[in-house]
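Thanks for coming, everyone. Let's look at one structure together and walk through a pocket and a ring pair.

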Amino acid sequence: MKFFVDTADIAEIRDLASTGLVDGVTTNPSLVAKTGRSFLDVIREICEVVPGPVSAEVAATDHATMLAEGRKLAKLADNVAVKVPLTPDGLKTCKALSDEGTAVNVTLCFSAAQALLAAKAGATFISPFVGRLDDVGSDGMQLIAEIVEIYAAQPNLKTEVLVASVRGPGHVIEAARLGAEVATLPPGVLRQMFNHPLTDKGLAAFLADWGKTGQSILSEDDEREPARRSA
């Protein structure tokens, strides 16, 4: 499974990208607005930090303007994936952009029927919002299961399932078990995946035992090097 990070915070992206675990980035107008910076400048900088797909969302709602915005965004960097809403005009724009060779992320998906339409429109990614479905009493992961099953049964469809609105590591693990290709995670959720109390407990015990030896791996190397040279 590929991990995208869902943020427009450059510092967060640089820090997480340094782990080697980030395969791409997703943004939206709300996330970019929080930076207080120029939308286009933020997208350009993210694309320089992360070589994988960077989703940049159009702001228009009509096809003609979405298409013009999408084309402009696609010119910012080779790894831009234009993000469009799952509306009739959004899918029309998706079809036009994908036919031109531009990667498209279709967002705000809440049903398997919508996901099927997006795939037929040539979407590179479909973004089902699992957390928001859970919030209204639906089963977000059931939607992921349905979309993965439908796409698997239709090998002509090449769209990847990008699990969005992720609220915790449980969503990520279940999505991976179901066969979703991508999960986009808020920075905090990605960091939560490192944590387990038994890891912390085990490490503390190892460090305590090591401290009792009075040794230092680095200082031992430094002390022995002159002896090796003199030999």
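Which residues lie nearest the centre of the largest pocket? They are Asp-6, Asn-28, Lys-83, Phe-129 and Arg-132, out of 16 lining residues. Before going on: this is a predicted model, where local features need pLDDT of at least 70 and side-chain atom pairs count only at 80 or more, while totals for chains, interfaces and linings use all residues. Residues are numbered from 1 along each chain as its sequence is written, and side-chain values use heavy atoms, without hydrogens or water.

Back to the pocket. A pocket here is an open set of points on a 1 Å grid over the protein atoms alone, where a 1.4 Å probe fits, with protein on both sides within 12 Å along at least five of seven lines; lining residues have an atom within 4 Å of a point. The volume of the largest one is about 270 Å³, counted as the space filled by probe spheres set on the points.

What supplies the lining? α2 (29-33) and β5 (103-109) each give at least two residues. β5 gives the most, with 3 residues. Helices are DSSP runs of H or I, at least four residues, and strands are runs of E, at least two.

Now the rings. There are 2 aromatic pairs in the structure. One of them joins Phe-4 and Phe-125, edge-to-face, at 5.7 Å centre to centre and 80° between the planes. Ring centres must lie within 6.5 Å to pair, and edge-to-face needs planes over 60 degrees apart. Phe-4 sits in strand β1 and Phe-125 in strand β6, 121 residues apart.

Technical notes: Phe/Tyr/Trp six-rings, centres within 6.5 Å; stacked < 30°, edge-to-face > 60°.
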